[in-house]
Amino acid sequence: FVSSTGDYGAADPQYPAFSPYVVSVGGTSLALNADNSYLSETGWGGYSSAAGAFIGSGGGISMFEPEPAYQARVQPTGSRTTPDVSLVADPATGAWIADPYNLDPSDPFEIVGGTSLSAPAWAGLMALVDQGRVAGGQPTLDTASPTETQQALYQLPQNDYKVIASGSNGYAANAGYNLVTGLGTPITNLLVSDLVAYHGPGTVYSGATVAPLQDVNLTDTGGTGGGPINAINVFDAFTVTSAGLGDASAPVLG
């Protein structure tokens with residue numbers, strides 16, 4: 001299972017993202033070069049005047065779920081933390097999609113964002129991984145245990161992830177595991193290949209693993225503007241632009 005962490009930062013923790021049995025996906029803001037090649041990413045979070053709220057990658061420390069064994073190396077809280085991983089989610093740097101169900105089929109395109117963009121994007125990556133494993137005569141991930149995918153993700157080398165060392169959802173991102181972007185965003189050709197080759201906890205990869213969470217990054221700075229607020233349903237969408245609802249050219253937060 002892959003789950004979105006939500007779109008209102010650390011102030012609005014969401015379940016099932018905190019379940020130890022899901023891959024919890026947060027979000028980043030993406031910057032491109034002039035030729036549309038990759039430039040950089042930051043942890044997604046900031047006040048949106050259009051939405052009238054702080055929006056950003058969900059993430060934080062569970063009040064109820066104990067720390068799963070696969071997180072023991074990267075964080076010291078004793079509780080399940082989120083996210084595990086991230087991908088682009090900021091609607092201001094989002095992705096074009098076609099939605100002929102909700103939009104006019106003659107012009108079904110719109111720019112979308114939110115962790116309901118980053119989460120299914122990760123699900124697509126995992127489908128590629130399992131396709132590769134089956135093609136190589138291996139079982140799909142989670143065949144050996146219900147948290148095999150998470151075990152594999154936390155065992156991969158730092159080289160398989162982009163380092164997200166700035167940005168805040170209330171917590172601060174840093175160059176290692178953090179409560180904004182988790183382990184980071186995928187360097188897809190490396191990450192997919194290494195997950196295809198994963199053979200359990202004894203699998204050895206070259207390179208250092210992602211650095212642990214630092215104690216200084218366990219403090220919520222209050223950057224989300226106060227206590228928890230009601231979240232939109234992850235399956236709903238609204239336009240975060242002054243152009244108004246239904247404008248197909250405007251970014252949508254899922």
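**Notebook: the tyrosines around α2**

I looked up Tyr70 first: its relative accessibility is 10%, so Tyr70 counts as buried, the cut-off being under 20%. The model is a predicted one.

**Aromatic pairs.** I searched the whole structure for aromatic pairs and found two. Tyr70 and Tyr154 make a tilted pair, with 5.4 Å from centre to centre and 40° between the planes. I checked where the partners sit: Tyr70 is in the loop between β6 (60-66) and β7, and Tyr154 is in helix α2, so this pair ties together parts 84 residues apart in sequence. Tyr154 has 4% relative accessibility and therefore counts as buried. I then took the pair of Tyr154 with Tyr177: the ring centres are 6.1 Å apart and the planes stand at 45°, so this pair is tilted. It links distant parts of the chain, since Tyr177 lies in the loop between β11 and β12 (185-186), 23 residues from Tyr154 in helix α2. Tyr177 is buried, with a relative accessible area of 0%. I noted Tyr70, Tyr154 and Tyr177 as one aromatic cluster.

**Helix α2.** I asked how many of the eight residues of α2 are buried. I counted seven, so the helix is mostly covered. Among the buried ones are Glu148, Thr149 and Gln150. I traced what the buried residues of α2 pack against: β2, β7 (79-82), β8, α1, β11 and α3.

**Core.** I looked up the largest nonpolar core, which has 32 residues; Val85, Trp122, Leu153, Tyr161, Tyr177, Leu183 and Leu195 have the most contacts inside it. At least two residues each come from β2 (23-32), β8 (85-88), α1 (115-135), α2 and α3 (188-196). α1 gives the most, five residues. I followed Leu195: leaving out residues up to four places away in sequence, Leu195 touches Met126, Val129, Arg133, Ala152, Leu153 and Leu156. I also found a second, separate core of five residues, including Tyr8 and Trp44.

**Asp160.** I located Asp160 in the loop between α2 (148-155) and β11 (161-162). Asp160 is buried but has no salt bridge; Lys162, the nearest side chain of opposite charge, is 11 Å away. Apart from neighbours within four places in sequence, the contacts of Asp160 are Thr185, Pro186, Ile187, Leu190, Leu191 and Asp194.

**Whole protein.** I recorded three helices and 14 strands. Of the 254 residues, 50% count as buried. Of the contacts with a separation of 6 or more, 67% join residues 24 or more positions apart.

How values were computed:
Residues numbered from 1 in each chain as written. Predicted model: local features only at pLDDT ≥ 70, side-chain atom pairs only at ≥ 80, totals over all residues. Heavy atoms only, no water. Helix = DSSP H or I, 4+ residues; strand = E, 2+ residues; numbered from the N terminus. Buried < 20%, exposed > 50% of the residue type's maximum accessible area, 1.4 Å probe, protein only. Lys, Arg positive; Asp, Glu negative; His and termini not counted. Salt bridge = Lys/Arg side-chain N within 4 Å of Asp/Glu carboxyl O. Contact = heavy atoms within 4.5 Å. Core = buried A, V, L, I, M, F, W, Y, C linked by side-chain atoms within 4.5 Å. Phe/Tyr/Trp six-rings, centres within 6.5 Å; stacked < 30°, edge-to-face > 60°.
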